[in-house]
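Please open the structure in your viewer and keep the selection tool at hand.

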Amino acid sequence: MIRQIRKLPALLLTLLTFFCISGKSQDIDYFAIFDHLDPGKVPTGILYDKAFPLSDVLLFDGSDSTVTLANDQWELMYNELVRAHFDATSIPTFSALDEIFTGFKENQKAPVCMVNMDYNKIKLNAFDDHLLEFRDNQLYDVPHPSEPPYETNRLFTV
């Protein structure tokens, strides 16, 4: 299941690469692909695919197999969450958190950072089952889809 879910960003990147190589478009902006999606249809307000995910967020679901993150991995994952938010002002940036952490360190306190939240990803069947459309280098909502195009996952990490 995890391998299948990881394929979606690769699929989107492959589509972008194809369009660039084939000359159909020279200026495809990965982040702009999501501009036409209705944020109100994303239940959590976080569409993880929007962040061009590089971390293994699916491994951090709060299960017994969850591993502890190194500081740079935690920062990568957190920054991806900030970029994945449709309303980026509702979550502090890592640099804002870093200022808070510096204050803790100056007062000889050790901050404990934890993320426990739900996020959405585009379902693997979203295009095959016509739950979303990809046209003109953009993703679009489909009117009255047979099921939601997004799945909800949990992210839990310390």
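A salt bridge is taken here as a side-chain nitrogen of Lys or Arg within 4 Å of a carboxyl oxygen of Asp or Glu. The model is predicted, so that local features need pLDDT of at least 70 and side-chain atom pairs count only at pLDDT 80 or more, while totals for chains, interfaces and linings use all residues. Residues are numbered from 1 along each chain as its sequence is written, and side-chain values use heavy atoms, with hydrogens and water left out.

**First stop: salt bridges**

A search of the whole structure finds four salt bridges. Please select D118 and R154, which form one of them, with the closest N and O atoms 3.2 Å apart. This pair links distant parts of the chain, since D118 is in strand 1 and R154 in strand 4, 36 residues apart. Helices (H or I, at least four residues) and strands (E, at least two) are DSSP runs, numbered from the N terminus. For burial, the terms are buried (under 20% relative accessible area), exposed (over 50%) and partly exposed (in between), with a 1.4 Å probe and protein chains only. D118 is partly exposed because its relative accessible area is 29%, and R154 counts as partly exposed at 36%.

Next, select K121 and D49. Their salt bridge has its closest N and O atoms 3.2 Å apart. K121 lies in strand 1 and D49 in the loop between helix 1 (2-22) and helix 2, 72 residues apart, so the pair links distant parts of the chain. Are K121 and D49 buried or exposed? K121 counts as buried because its relative accessibility is 3%, and D49 counts as buried at 0%.

Then select E147 and K123, whose side chains meet in a salt bridge of 2.9 Å, N to O. Here too distant parts of the chain are linked: E147 belongs to the loop between strand 3 and strand 4, and K123 to the loop between strand 1 and strand 2, 24 residues apart. E147 counts as partly exposed at 29% relative accessibility, whereas K123 is buried, with a relative accessible area of 16%.

**Second stop: a hairpin**

Display strand 2 (132-135) and strand 3 (138-141). The two run antiparallel and are joined by four bridges; strands pair if DSSP finds at least two bridges between them. Within the pair, E133 has Y140 of strand 3 as its bridge partner. Strand 2 and strand 3 form a hairpin with two residues between them.

Now select D136 and inspect the backbone. Phi of D136 is near 50°, a positive value in a residue other than glycine. N137, found in the loop between strand 2 and strand 3, has a positive phi of about 60° although it is not a glycine. Most residues other than glycine have a negative phi. D136 counts as exposed because its relative accessibility is 63%.

From here, move to S146, in the loop between strand 3 and strand 4 (150-157). S146 is exposed, with a relative accessible area of 67%.

A nonpolar core is a set of buried Ala, Val, Leu, Ile, Met, Phe, Trp, Tyr and Cys residues joined through side-chain atoms within 4.5 Å. Which residues touch the most other members of the largest nonpolar core? Of its 21 residues, they are Y78, L81 and L155. Helix 2 (71-84), helix 3 and strand 1 each supply at least two residues of this core, and the largest share, six residues, comes from helix 2.

Select L155 and show its surroundings, with contact meaning heavy atoms within 4.5 Å. Leaving aside its neighbours within four places in sequence, L155 is in contact with V57, F60, M77, L81, V115, N116, M117 and Y119. A second, separate core of 12 residues includes Y30, I33, I122 and L131. In soluble globular proteins, nonpolar side chains tend to be buried together.

**Last stop: a nonpolar surface patch**

Finally, select V112, M114 and V158, which make a nonpolar surface patch of about 320 Å². Patches are made of residues with over 30% relative accessible area and no salt bridge, like charges being joined within 9 Å and nonpolar side chains (Val, Leu, Ile, Met, Phe, Trp, Tyr) within 5 Å. Accessible areas come from the Shrake-Rupley method with a 1.4 Å probe, and for residues only the protein chains shown count as cover. M114 sits in the loop between helix 3 (94-106) and strand 1 (115-122), and M114 counts as exposed because its relative accessibility is 53%.
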